[in-house]
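Trainee: I'm new to this one. Can you walk me through the fold, starting from the overall layout?

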Amino acid sequence: LHREGHVLGLHSYDHPMRMADLSQDEQRSQYGKNYDHLRRICGRPVAMAHPCGSYNDLTLQILRELQVVCGFGSSMHPPPNRLLPPGPLEILRKDSADLGLRISRPV
């Protein structure tokens, strides 16, 4: 995919369902391992998607330290733990699973 010009982004090492519930060290390990794999393949990853849309302030701090510049949620609504307006690491988007359902069952 990288050789074809696609941007590969972080997601996590083994996809915890509730990243926001993990400690800072656990989150750092999840993103650090995934970052190292992608860096070896395609250079420094600059994008990411939050697993199951779960993240918190610690997540965003870790992603900034890794110099990730954009991050995608899994909903058109920010998670309930976010009080501030979304930033570049919190881009809202329609969940792909929901889009798949709409394609297979037209409205």
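Trainee: What pattern does the protein chain follow when read along the sequence?

Mentor: Keep in mind that this is a predicted model. The secondary structure comes to three helices and two strands. Read along the sequence, those elements give the pattern α-β-α-β-α.

Trainee: How far does helix H1 reach from its first C-alpha to its last?

Mentor: H1 covers residues 24-42, so 19 residues in all, and at 1.5 Å a residue you'd expect 27 Å. The model comes close to that, with a reach of 26 Å.

Trainee: What covers the buried residues of H1?

Mentor: Let's start with who is buried: among them are Gln27, Tyr31, Tyr35 and Leu38. Their helix also holds a buried glycine, Gly32, and a buried cysteine, Cys42. The cover over the buried residues of H1 includes strand E1 (47-49) and helix H2 (57-65).

Trainee: Which residues of H1 make the contact with H2?

Mentor: The crossing of H1 and H2 is right-handed. On the H2 side, the contact is made by Leu58, Thr59, Gln61, Ile62, Leu63 and Glu65. On the H1 side, the residues are Gln24, Gln27, Arg28 and Tyr31.

Notes. Residues numbered from 1 in each chain as written. Predicted model: local features only at pLDDT ≥ 70, side-chain atom pairs only at ≥ 80, totals over all residues. Heavy atoms only, no water. Helix = DSSP H or I, 4+ residues; strand = E, 2+ residues; numbered from the N terminus. Buried < 20%, exposed > 50% of the residue type's maximum accessible area, 1.4 Å probe, protein only. Contact = heavy atoms within 4.5 Å. Left-handed = near helix turned anticlockwise from the far one by under 90°.
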